[in-house]
Amino acid sequence: MQWAILSGIEGNLAAYEAVLQDIRRQRNPVADLYIIGDVVGLKGDNEATIERVRSPRSGELEPQVCIGWWEEQCFSLHGLSGLPDAPELMAQFGGDGVKHLWKSVSRESVGWLRSLHFGFHELDCLLIHGSTVSYADELTPDTPAIQLCDRLIRADANTLFCGRSGLTFECWVTPGKLRSTVTTLDGKQEPQEQGKTPRRVVGVGSVGRIPGQATYTLYNPGSDRVTFNTVSYS
Amino acid sequence: MDSITLTAIAGPSGSGKTTWMSQFLSNRDRPLFYCCPGMGAASVDLARIAYCFPWVHLLPEEQTPQIFAKLPDRALVYLELGFHLDLTAPLLASLPCHRVAVVPSGLQTSPWHDWADEVIFGNDIATPTPDNLPELWRSPLTGQVFDAPSLDEIAIELTEGAYGQVQRVKGIFELPDGRAFHVDFVKGLPGIEYTELGIPRWLEGRPDRFSGIEVVGWNLEKKTIAQTLLAGCLSDGAIAQYQEQYKSLMKSETNQEESILT
Amino acid sequence: MKLAVISCIHGNYEALNAVLSDIDDRKADQIYCLGDLVGYGPHPNAVVEMIRSLDIPTCQGCWDEDIVEGLNACECSYPSQLAEQRGRVAHEWTNNTIHPEVREYLATLPMTLRLDNLCFVHGSPNSQHEYLLPSMDGFAALERILSTDADVLFCGHTHVPYVRNLEDGTLTVRVQQPGKDELETQFETPLKQIVNAGSVGEPRHGRPNATYVLYDTDTAQVELREVPYDYELTCAAIIAKGLPPIFAWRLARGMEFAERADDPSHVCQR
């Protein structure tokens, strides 16, 4: 039994279908399907993708979906977040991007997206779009080691699955040792060793961002093994 | 009435009367009765005994003599006398009972000594002099559910003297996870004691069972105490939200190891 | 150079005066302030005027921010419902009391200040509301310092002063990516320090005395200072100004409310 972890469909229904098909073909059956954000985007038909995600066919897994960066942009455009007018979207994709996203996701669908969770704690794993710091937190193999370490501590998990970067990577972080000495008004306390066992950040890839090539992640909780799959489709 | 054993217990506030008596209430060999004259139909002690020892019969204080006449054979009756009650009252004088005084060991003589057949040394607390007896303030809190960190703060402020010189606090408080706690503070004894009452979790709206507080002390700012207590009570909306959370948490705990970030 | 770093004055003019005298006696060359000039205490205007008249570089605290931006701290920043209600009372009172030019000044305060290898913030480099408690995970604390590129991070906000040395750290990262060779990198971290300046006007260490810190930039020595002052004057002013008497009661015991401490990594979503 294993989990399939997807992110970044971005409205690319063909890519999502290709991944679903690849999941069905797995010899080791997939028991849980996670989509950690960015169901919508600018890569295709958002409404059709939302419909497909919300209504799996008989015999298909019910996806567990959480909020991503693109969903937050929808909330912002629809006045459902603290930040109005989606300035992040405007900065990255300009007025056309704003217009397209506004037109391509119905109010009803935005309501459904708003009802989704921020992430999932499952076994000793956290599955979340960015990190517990923010949906926009983009972790990559080039993120400073101490920052990866911090995100893992905040996640309170041994494995942090995230999707903001769209990259597939497995990054083991070992906070080997660190001596901490605290002095208060009552005097100096005994130094404490803060070292910890290895933990990892996993980038789960992106289903829809790169046309023709979808990436996603399989995770086997029994063996603790992570596998990345690349699916080509036309 | 020969086979009935009647024990009257008296002593200063916080000396340990209820604690001393409670040790006998677990033994269910004989029918058990409890009465606390002068405290009305709902007091913290009464409710606590009802919650902790549901087999103990609670006697209403009025018509006590008539009820005594109808007690079953071998009944064990405990009569707890509040510190404010006059030991020479006719009712007490007329009852054929074994008189137990629970007093601090430091107290050599007192009206309780004079009255008692047996003296038990309880908590070592300072005993107020008769000419400066503290006042008792109490308030029912039934239906109120407390924000736990607020209750903690209130208990600290109250017992450390923010609202008057407090000698004793006891109360029963409901928390949003459905549990109820007995809270006990005696000046001179370390800390504030929180004891979970072994009663079912109340997770359907405002609890319809007794909770309340009793404060004994001097110069109590009663209005401020009441306002502060209310400031620590949760709204209907908050209670509903917490109860939903705890219900789903308990469900997921029994089902599988999973939690969802909301 | 000898620095004095003060924080969390909270409108307590008596305490500020006592600390400034102590700083004079200790012959500090420069004072830095980590914010929270107002809130809870009875003399917000006088405190701000004093800080301005002495040209003390100051960063913005969460209370200063709320007075400028309106109270929008999420409820998660209070440890209890009771503390939240009292915080609202204090906010409203302060908001009605401060002069327009004081509000304007508070709006100009920066989030962080720098002096060579030293960085000054109110809560943490991430947020004015984040607590850097001495019990925080060492690596998480180290991340806060490294994110500023400084060697010493001065913070306040917890109202209890401390110094924390973090040294001899090693951190290994092993990256596996499809189609690429495995890459392992090891980092070593030199000594880094967090110095919490405590609180001048709202101590929370169980005594009424004001606290602040002295730092010698030449020797990197830190001294935690505890300064007695006539707190009863402040208590009397709290009551005279119509603030809740419980503020005075708690001030006299060094047990003022702080923000939620049990989840120091929580950053509110507002």
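The exercises below, each with a worked solution, concern chain B of a predicted model.

**Exercise 1.** Determine where in chain B the confidence is lowest and where it is highest.

*Solution.* Begin with the chain as a whole: the mean pLDDT of chain B is 87, and 92% of its residues reach 70 or more. Then turn to the individual elements, where strand β12 (residues 258–261) of chain B has the lowest confidence, at a mean of 53, whereas helix α7 (residues 222–231) of chain B has the highest, at 96.

**Exercise 2.** Describe how domain 1 of chain B and domain 2 of chain B are in contact.

*Solution.* First take the bounds from the domain assignment, which places domain 1 at 5–121 and domain 2 at 134–249 of chain B. Next, the centres of these two domains, taken over C-alpha atoms, are separated by 25 Å. Finally, consider the contact itself, in which 9 residues of domain 1 of chain B meet 16 residues of domain 2 of chain B; on the domain 1 side, the residues comprise 5 nonpolar, 3 polar and 1 charged.

**Exercise 3.** Work out the strand order of the open sheet formed by 5 strands of chain B, and identify the helix that lies across β8, β9 and β11.

*Solution.* The order is β7-β11-β8-β9-β10 in chain B, with antiparallel pairing, so that β7 (135–140) and β10 (193–196) of chain B are the edge strands, each pairing on one side only. From one strand to the next, the twist averages 15°. Within this sheet, β8 (residues 165–174) and β11 (residues 212–218) of chain B are joined by 7 bridges, and B:Lys170 stands opposite B:Glu214 in β11(B).

Methods:
Residues are numbered from 1 along each chain as its sequence is written. Chains are lettered from A and ligands numbered from 1 in the order in which they are written. This is a predicted model: local features need pLDDT of at least 70, side-chain atom pairs count only at pLDDT 80 or more; totals for chains, interfaces and linings use all residues. pLDDT is the predictor's confidence in each residue, from 0 to 100. Helices (H or I, at least four residues) and strands (E, at least two) are DSSP runs, numbered from the N terminus. Domain bounds come from an automatic or database domain assignment. Two residues are in contact if their C-beta atoms, placed from the backbone, lie within 7 Å. Ala, Val, Leu, Ile, Met, Phe, Trp, Tyr, Cys and Pro count as nonpolar, Asp, Glu, Lys and Arg as charged, and the others, Gly among them, as polar. Two strands pair if DSSP finds at least two bridges between them. Axes are lines fitted to C-alpha atoms, for helices over the stretch in contact, and angles run from 0 to 180 degrees between N-to-C directions.
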